Amino acid sequence: MSDLPYPPTPNPILRKVESIALFKLSEEERAALIAMPLHEARFDAYQDIVREGERPSRCFAVLDGFAATYKTTLTGKRQVAAYHVPGDVPDIQSLHLKVLDNSISAIGPCKIGFIQHDAMRALLRAHPRIGDAFWRVTLIDAALYREWILNIGRREAYSRMAHLFCELITRMEAVGLAPDRTCPLPMTQSELGDALGITAVHVNRVVGDLRDAGLITSRSRRLTVLDWEGLAAVAEFDPTYLHLGSQDAH
C-alpha cells in the first residue's frame, strides 16, 4: 500500500476532542484517549472502510488521511455526505444504531484505528466527560450535515466549492494540520463533484475560476488559501456550525 502523502498526526483523537470540548481535559482523561485500544489498518483510495447494511461490532477513528461518508442510488450514482479528517470517529453511531445506513470509504491513502464497541463503552463509562465530548461530536456532525444541505441546495457551484474549501481548512486548522492555511486535498474532481452535486467538468471550471480570482491555489493535491477573507465572502462562510470549543466558550 502506498505511503501517506502527509506526515502522521500524533494523538489525532485527542486533538479532535480537545478542539471541540467545552472543558479542559484532565491528565487522566487525556491518558485514556491516548491509550484507546486501537487496531490500526491502512486503506487505499476508493476502498470501503464500512458498508451500508453492515452490523459492525466496532467503530473507527481516522488517524491519517481523509474518508468520506456516502450513499448511492440504485443506478450507482453517489452522493458524498461528509468528509472526515484525522481525529474524526465517523461511525460512532454504530454503538446504538445496529445497522449502518451509509458507507464510508478512504479518500486517498488512509490510516484507520478500529475500537471494539465493548472497549468504547467501557471508556465512556469510566470517563463520563469523554462521553459528553463524543455526544457533542455527534451533534456537530448533525450541524455539518445541515450546512451541507444548504450548500448543495441553495448556493451556486462557485460558492459551494468555496464553502467546502473554507470548511476543510477550518477543520484541519482545528487539529493542527493546516499550517499557513494549506492542507492536503486528495479528492479527485469526480469525488468533489459527488460532494457538491456537480460534474467533474464543472468542478474543474469552478476550481479554475477560484484560482483565477486569486483566492486559492491547488497543486500536487494540496490546497492553499491565498485570500481567506475573499474566499469566506464568496462562500458566505460562518464557522459557527462547526462549534469549535474556542468559539462556543465565548
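Biologist: Of the 49 residues in the largest nonpolar core, which touch the most other members?

Modeller: General idea first: in soluble globular proteins, nonpolar side chains tend to be buried together. A nonpolar core here is a set of buried Ala, Val, Leu, Ile, Met, Phe, Trp, Tyr and Cys residues joined through side-chain atoms within 4.5 Å, and buried means under 20% relative accessible area, exposed over 50%, partly exposed in between (1.4 Å probe, protein chains only). In this case, Tyr83, Met161, Phe165, Leu210 and Leu231 touch the most other members. The largest share of this core, nine residues, comes from α5.

Modeller: A word on the source: this is a predicted model, where local features need pLDDT of at least 70 and side-chain atom pairs count only at pLDDT 80 or more, while totals for chains, interfaces and linings use all residues. Residues are numbered from 1 along each chain as its sequence is written, and side-chain values use heavy atoms, leaving out hydrogens and water.

Biologist: What does Leu210 touch, not counting residues up to four places away in sequence?

Modeller: Contact means heavy atoms within 4.5 Å. Leu210 touches Tyr158, Met161, Ala162, Phe165, Leu215, Ile216 and Leu231.

Biologist: Now Arg51: where is its place?

Modeller: Helices (H or I, at least four residues) and strands (E, at least two) are DSSP runs, numbered from the N terminus. Arg51 sits in the loop between β2 (48–50) and β3 (58–72).
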